[in-house]
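Good morning, and thank you for coming.

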Amino acid sequence: MRELYTATTTSTPNSNPRLIHAQAIKSAITDRSFYNSLITLYSKSNLLSKAVRIFHHHIPSPNVVSWTALISAYASTSFALLHFISMLRHPTLPNQRTLASLLKTCASLPSLSFGLQLHSLSLKLSLSAQPFVGSALVNFYSKCRLPLEACRVFDEITQRDEVCFAAMIVGLAQNARPVDALLVFGEMKACNVGSTMYSVSGALRAASELAALEQCRIIHGHAVSTGFDSNLIVGTALVDGYGKAGLVLDARRIFDELLPSLNEVAWNTMMAGYAQQGDQRSVVELFNSMEARGLVPDEYSFLAILTSLYNAGLVGEAEWWLTRMKVDYGLEPGLEHYTCLVGAMGRAGQLEDAERIAMTMPFEPDAAVWRALLSSCAMHGAADMAWAMGRRLMELDPQDDSAYVIVANVLATNGRWDEVAEVRKMMKDRMVKKEGGRSWIEVRGKVHVFLAGDRRHERSHEIYAKLVELMEKIEELGYSPVLKEMLHEVEESVKKETLWYHSEKLAVAFGVVSDAAPPGKALRIVKNLRICKDCHEAFKYISCVVEREIIVRDVNRYHRFLNGTCTCGDYW
């Protein structure tokens, strides 16, 4: 009999719950704790109907453990919530594990209203501040895109363990709060709380979103010291982090070190790193190597290839790979795949063909499709078509400021100031606010953020003096400001001065005065929007003046400026 009890509590993937159940019937076992464990064993074997039969036929007086086992068996389904309601009617009150399982279900369904009621119940039972329930609540609110509520719960947890910190770090990283995620990671280390693979990978995700190279290296060092660097999830996050920081060679080194154990996700991550650089050759080489190792490419593998071709503007190759995806691999291209084809066609100047693909593809075009076409129209100065694409984008999302800004840019470039005024009036009437351009640079582990014309930095006097010096030097080399970037019909001198103090130029000037990188190393800037044509032109000259590489990651891709050229080939 002792062997049967042991079998239910120390199950292996090969454990047969039916065999254990049959032996229990022969032995006339009636112990409730045994059948509680058998419910869990049946659920792990995906035999849920058997688990329910055990609950109803072998447990005449279920306790909280019995109900929790049944609820956990149906985790991530609405049946878990129904069983919980039955539990309350029994009546039996939940414990920490019951609430944690239910909150996980509410996060995956999702069911915000039910989760809010669970939070209320946890407060009444004085369980919300306990680590087990608290971490589940943090995860629930994070998955429901309510990071502020998640933070409130986290602050109320009395004794935060590694699971609580991991839930908070991952939640903030998933909700576009990378700086806060890194701050919580730092707090975790300061409190001497241990790491998990989730807290480390979450922090790496936050660092990658910021393209914060030094933070990525610090977390990498932490992963090595804690032994998580060989973990598949952490290793993939490291590849992603270095790739998004623009260090594809470092990403590739980590990738090669982990190569024998890597899955399709890691391969796709490495390909995506090359794709952001527009390095389609390396992406295709990895794709072929992946197949040679017996791994099967999926939709994300092809998305990496098509993204690289989109960034390179290679239309023929993009069409060929899209056809190959369907014919040779039996994979149906998704909306994102068609968006890459539309973008590649648009960048190559095939605007009518790109619009035809958008209108005839087996998906309703979303905002990303029309935005890609609109950007292509702006690139080629097609004002009338830009107006049409802009209207389509505004219909889908009237609050998308990029639609108004890009259309106004194209119209201003063509000197159509009356229509620029019309666009501005539309923005005002619809209360659309233009997203401000922000650029940031990391110096000795600290991220410095700049806005256009920003003078809040403590070293602003030095920054502006250095920027004036740089701009005067590049003018001597032949730089001429791209005045068409200015939307306002003002004096040329005013346009010139405004262009000088764009956020990315301020970030570069600060990088120079603060010795952000050792001699010979690149200055790394991140921009939340598309880099403007004037800054792009200026950086080619500045790279000659400072005699070093300048790497800019904008919303579309990476730009590597060196010796007066950019790797994008002036095509972005």
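Let me begin with a convention: helices (H or I, at least four residues) and strands (E, at least two) are DSSP runs, numbered from the N terminus. What you see is a predicted model, in which local features need pLDDT of at least 70 and side-chain atom pairs count only at pLDDT 80 or more, while totals for chains, interfaces and linings use all residues. Residues are numbered from 1 along each chain as its sequence is written, and side-chain values use heavy atoms, with hydrogens and water left out.

First, the overall picture. The protein has 30 helices and six strands. Its C-alpha atoms fill a box of roughly 95 × 55 × 55 Å along the principal axes. Of its 572 residues, 51% count as buried; buried means under 20% relative accessible area, exposed means over 50%, and partly exposed lies in between, with a 1.4 Å probe and protein chains only. I shall also speak of contact, meaning heavy atoms within 4.5 Å. Among contacts between residues at least 6 apart in sequence, 63% join residues at least 24 apart.

I turn now to helix H25, residues 401-413. For the 13 residues of H25 that gives 18 Å, and the end C-alpha atoms are 18 Å apart, so the two agree. H25 is mostly covered, with eleven of its 13 residues buried. Among them are Asp401, Tyr404, Val405, Ile406 and Leu411. The buried residues of H25 pack against helix H23 (367-379), helix H24 (383-396) and helix H26 (417-429). After H25 comes glycine 415, with a positive phi near 70°.

Next, two pairs of helices. Helix H5 (residues 64-73) and helix H6 (residues 78-89) pack at an angle of about 165°, with their axes 9 Å apart. That makes H5 roughly antiparallel to H6. Axes here are lines fitted to C-alpha atoms, for helices over the stretch in contact, and angles run from 0 to 180 degrees between N-to-C directions. Angles under 35 degrees count as roughly parallel, over 145 as roughly antiparallel, 65 to 115 as roughly perpendicular, and the rest as oblique. On the H5 side, Val64, Trp67, Leu70 and Ile71 meet Ala80, His83, Phe84, Ser86 and Met87 of H6.

In the second pair, the axes of helix H17 (residues 264-276) and helix H18 (residues 280-292) come within 8 Å and cross at roughly 165°. H17 is therefore roughly antiparallel to H18. The residues of H17 that meet H18 include Trp267, Met270, Met271 and Tyr274.

Serine 101 is found in helix H7 (residues 96-108), and it counts as buried because its relative accessibility is 11%. Leaving aside neighbours within four places in sequence, serine 101 is in contact with Ile71, Ser72 and Ala75. With serine 72 there is a polar contact between the two side chains, at 3.4 Å. A polar contact is a pair of N or O atoms within 3.5 Å; within protein, one must be able to donate a hydrogen and the other to accept it, and residues adjacent in sequence count only if both atoms are side-chain atoms.

Serine 439 is found in strand E1 (residues 438-443). At 0% relative accessibility, serine 439 is also buried. A polar atom of its side chain lies 3.2 Å from the backbone nitrogen of glutamate 504. Most residues other than glycine have a negative phi, and most peptide bonds are trans. Histidine 90 and proline 91 are joined by a cis peptide bond, with omega about 0°, and proline 91 is found in the loop between H6 and H7. The peptide bond from leucine 109 to proline 110 is cis as well, with omega near -10°.

Methionine 431 has a positive phi of about 55° although it is not a glycine; its place is in the loop between H26 and E1. With a relative accessible area of 68%, methionine 431 is exposed. Asparagine 563 has a positive phi of about 55° and is not a glycine. Asparagine 563 counts as exposed, at 60% relative accessibility.

Methods: The expected span of a helix is 1.5 Å times one less than its number of residues.
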